[in-house]
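Have a look at it before reading on.

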Amino acid sequence: MFRWNKTRWCWAGAMGLGLVPILAIFALAIFLFWNAAGASAQIGIRELAATEWSPQQGRYGVALLLAGTLAVSALALCLAVPVALCAAGYLALSAGGKVRAAANAAIGLLGGIPSVVIGLWAMTWVVPGFGNSWISASVVLALMIVPTITLLSGAALRLVPADLLEASRALGMSEGIVARVAFHHARWGILGAVVLGTSRALGEAVAVSMVAGNVASWPSLTRPIATLTTTLIVELDGAAGLHRNALYLLACIVLLAISALSIFGRAAQRKAGI
Amino acid sequence: MKLLPLILAASLIAPAALSTNGCQRQKTEQVVVTGASTVYPIVQMAAEELRRTKGLNVMGQGGGSTRGFEDCITGRNSLGAMARELTPEEKAQVMVFPIAYDGVGIVVHTSNQIAGVTTDDLRRIYRKQVTSWSDFGGENASIVVVHKAEGHALREVFMNYTGLTPDEMTRFTDVTAGDNAQVIRVIANTSNAIGYLSLGEVIKAAETGQPVRLVKFNGIEPVMENVTNKTYPLFHPLYLISKGEPKGGSRVLLDFLRSPEGKAIIRQGNYVPLE
């Protein structure tokens, strides 16, 4: 017979608490979708696909904001991926234990810096050089995703069997070829790392909004740019009615994109066995 | 392990206890003011004074003028705060109480040497017909135009005063700032930037050492005295609105803001009380 004893109570409680985050994410998603659905019904798909975002005039075209998000993230990846992969390759394949530990700690620390701090730093160091522009936004974003990509792809590279690398070296291959063997073996894990870095890039708002200029326009390296998240952050405070719901729609788009990327990134990592 | 059920029970009961507590507080009169962040400092200062002298609990929240109006209509606040003129449709639905007005200053970096601008200069700058400070006797550097984001009262005040079209407001922008603090931050870090902001906000920021300064506008010194005697041309009214005749704590707050002590507090915040 089923009896509620102490252990069962504890398990039931733990399960209840475990459900809290799941319920929270559902509540969030339902709230966003509900508001966003209202907004898209009122605005209409054709108007949403337009390029002009000007809530004062009742224009809610998200095309340029989407283009801005993609442009800023893409350039940030171009800047971050080479740096992160070189760092990860060096740390995993050739650095000594002490160097690796110190570097990993430093990179982890960089990843933990609040984005508003990075934004403040960038306003005084990056913006005077590049202006409030696409390139400034991407530099800041690159700085924020390098740690994610370095640490995750480093983890993938360290899973490469040592005997595989030793065998390559025993065959007299140069260190360059050995690195290629390692990267090839770890490719799924590295792909996962890059994808997860991208999803962080898509969602970042505060630091980017401080340097991007936040003006919806066609991406041009030295001109201001607006992304989905920067628009959210600068306009939410003053938005009401349809404008507010349209901003929830932007949040919804970001949430969907990040969820899709996270699922894909985790799948790639699982394939790599991380 | 013995503690765990206790903790679980507490975590279940605590939110419920807190929420009932909140309800009770509502009953003992809490005045909630939401809306324009420009009005927030006034409400905040008045709240401190009223808590001390009358034990009245006033809570202020930002969110913009339009939110102030919508919260008022739906009954989510006791009073709405607005920093822009109400539209005729809005006016028909609420009672409007002007409490103060606020000068709008033209802000540049302290290193910028220009003496001042006129309304026409502003039009040309914000339409990108003039793009270098050298046209105003400054350095040969391109002007960085800063706007407030859509939905903010100051943006509308600026647009109506200069006569720029909404399209021009979005097309010729270099930086869109979300809140007042961001306007200050951008200009403090960009020596060629120009923006508009509450006079009081700029005075406060300059006092705390931020490298920003106000420039003469249409030849008038941007000082509180000139806003008070209305020689300074660019200002906007600040309102509190109420759905019906304000009662209880709302009434107390409104009366206080119109009393001599209330006016002194408004002046202290670099706003101009209504005489």
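Two strands are said to pair if DSSP finds at least two bridges between them. Helices (H or I, at least four residues) and strands (E, at least two) are DSSP runs, numbered from the N terminus. Keep in mind that this is a predicted model, where local features need pLDDT of at least 70, side-chain atom pairs count only at pLDDT 80 or more, and totals for chains, interfaces and linings use all residues. Residues are numbered from 1 along each chain as its sequence is written, while chains are lettered from A and ligands numbered from 1 in the order in which they are written.

Start in chain B with strand β4, residues 95-109. Eight bridges tie β4(B) to the antiparallel strand β11(B), residues 235-242, and there B:Met95 sits opposite B:Ser242. β4(B) also runs antiparallel to β12(B), residues 272-273, with two bridges; B:Tyr101 has B:Val272 as its partner. Five bridges link β4(B) with β8(B), residues 193-198, again antiparallel, and B:Val108 is partnered there by B:Ile194. Finally, β9(B), residues 212-214, joins β4(B) through three antiparallel bridges, with B:His109 bridged to B:Val212.

Now hop over to chain A. The axes (lines fitted to C-alpha atoms over the stretch in contact, with angles from 0 to 180 degrees between N-to-C directions) of helices α7(A), residues 134-158, and α10(A), residues 187-203, come within 8 Å and cross at roughly 155°. That makes the two helices, α7(A) and α10(A), roughly antiparallel, a label for angles over 145 degrees.

Terms used: Angles under 35 degrees count as roughly parallel, over 145 as roughly antiparallel, 65 to 115 as roughly perpendicular and the rest as oblique.
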